[in-house]
Amino acid sequence: MTVADTTLADLTTLRVGGPAGRLLVAETTDELVAHVVDAWADEDDWLVVGGGSNLLVADSGFPGTVVVARTRGVTHETDADGVTVRVAAGEPWDAFIATTVERGWTGLEALSGIPGTVGAAPVQNIGAYGVELSDVLTAVDLLDAETGERSWVPAAELALGYRTSTLKHGRRGVVLTVEFRLGTATEAGVPVRYAQLAGSLGVDLGTRVAPTGIRSEVLRLRASKGMVLDDADPDTWSAGSFFTNPIVSSGFAGTMPADAPRWPAGDDVKLSAAWLIEHAGVHRGYGVPGSRAAISSKHTLALTNRGGATAAQVAELARYVQLTVANRFGVTLVPEPVVVGDLLD
């Protein structure tokens with residue numbers, strides 16, 4: 001990476017975003033701490049970037065300090081009941097999942113193929129195919145922006161919910177290391193917990209499948225939706241699912257069309273954002289005329305850069321989708337990516 005010539009477009013999977021006021025790269029955890037503390041000491045605006053897979057950055061860029069986390073390292077301790085694994089924040093997520101499968105550690109294989117880095121995973125409480133990070137996350141090593149102190153914070157204190165945590169809303173800091181509690185593979189494997197994955201594997205829900213089998217099928221499913229990064233495929237030049245599935249009251253859910261998918265969410269009901277978008281009339285491949293941003297041709301939830309798109313064009317498409325769904329169903333879709341700049345205000 002040539003720091004002087006790098007823009008945020010070079011650091012994000014959406015491939016949009018302008019320059020940083022100052023760009024620093026951290027190869028070790030000590031460097032990551034030092035760079036961030038320096039920015040705080042300068043009272044500078046700051047942003048830590050890992051894989052850049054959940055960022056939409058304005059074309060004007062970011063005027064403060066951007067720290068790119070390239071830290072590496074996986075350590076573990078095995079006991080009779082499982083394995084405790086600690087992973088540096090800058091480790092690529094899917095490479096780490098590949099490591100867990102190779103070593104026979106279970107619990108994360110259904111999250112294969114998700115782009116980004118390990119340090120970003122707790123912020124969003126990432127999840128897919130019936131598994132959420134909160135199922136196996138035990139703690140994070142956090143550098144707290146308010147106190148300047150570094151400490152291990154138990155997962156129970158992070159208020160992990162559907163694509164959210166206190167790290168995303170309220171508690172500012174930098175995740176340095178992430179700790180997981182994983183199982184060890186048995187010959188029978190682990191239970192499949194998601195209907196689509198079970199159907200794709202040709203098994204009943206709850207059937208035990210080896211981690212290698214689950215990982216292989218999840219990667220195939222994600223690739224079919226354009227959700228596995230591929231430099232040659234613009235359908236993957238995205239931030240993944242751009243909107244979260246809305247959670248509404250049971251009363252409101254009762255006003256939705258009978259065929260609208262829905263799932264229990266505590267006392268509320270979770271709706272399908274993809275279904276709402278499709279049935280509001282925004283179909284795969286749609287793009288605002290004259291724009292290089294478009295809905296993925298493979299998955300309605302992904303807003304993509306068809307080559308040469310600007311952040312403003314991605315934001316325009318996002319607003320169009322939100323307005324169309326709101327007008328048709330009365331539901332306001334909430335963007336999942338972190339938005340840097342005044343793009344969706």
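A: For the classes used here, Ala, Val, Leu, Ile, Met, Phe, Trp, Tyr, Cys and Pro are nonpolar, Asp, Glu, Lys and Arg are charged, and the others, Gly among them, are polar. The model is predicted, so that local features need pLDDT of at least 70 and side-chain atom pairs count only at pLDDT 80 or more, while totals for chains, interfaces and linings use all residues. Residues are numbered from 1 along each chain as its sequence is written, and side-chain values use heavy atoms, with hydrogens and water left out.

Volume here is the space filled by probe spheres set on the points, which are joined across faces, edges and corners. The lining of this pocket (residues with an atom within 4 Å of a point) numbers 19 residues, and P92, W93, P115, G116 and L229 lie nearest the centre. By class, 8 are nonpolar, 8 polar and 3 charged.

P115 and L229 also line the largest cavity, where a 1.4 Å probe fits but cannot get out. That cavity has a volume of about 60 Å³, and the count of cavities of 30 Å³ or more is 1. Its lining also includes T13, M227 and S238, and divides into 5 nonpolar, 5 polar and no charged residues.

Residue W93 of the pocket lining starts helix α2 (residues 93–102); helices are DSSP runs of H or I with at least four residues, numbered from the N terminus. Helix α2 packs with α5 (residues 211–224) at about 155°, their axes 9 Å apart. Axes are lines fitted to C-alpha atoms over the stretch in contact, and angles run from 0 to 180 degrees between N-to-C directions. The two helices are therefore roughly antiparallel, a term for angles over 145 degrees. In this contact (heavy atoms within 4.5 Å), D94, I97, A98 and V101 of α2 meet P211, T212, R215 and L219 of α5. These residues comprise 5 nonpolar, 1 polar and 2 charged.

Note on methods: On a 1 Å grid over the protein atoms alone, a cavity is a set of points where a 1.4 Å probe fits but cannot get out, and a pocket is an open set with protein on both sides within 12 Å along at least five of seven lines; lining residues have an atom within 4 Å of a point. Angles under 35 degrees count as roughly parallel, over 145 as roughly antiparallel, 65 to 115 as roughly perpendicular and the rest as oblique.
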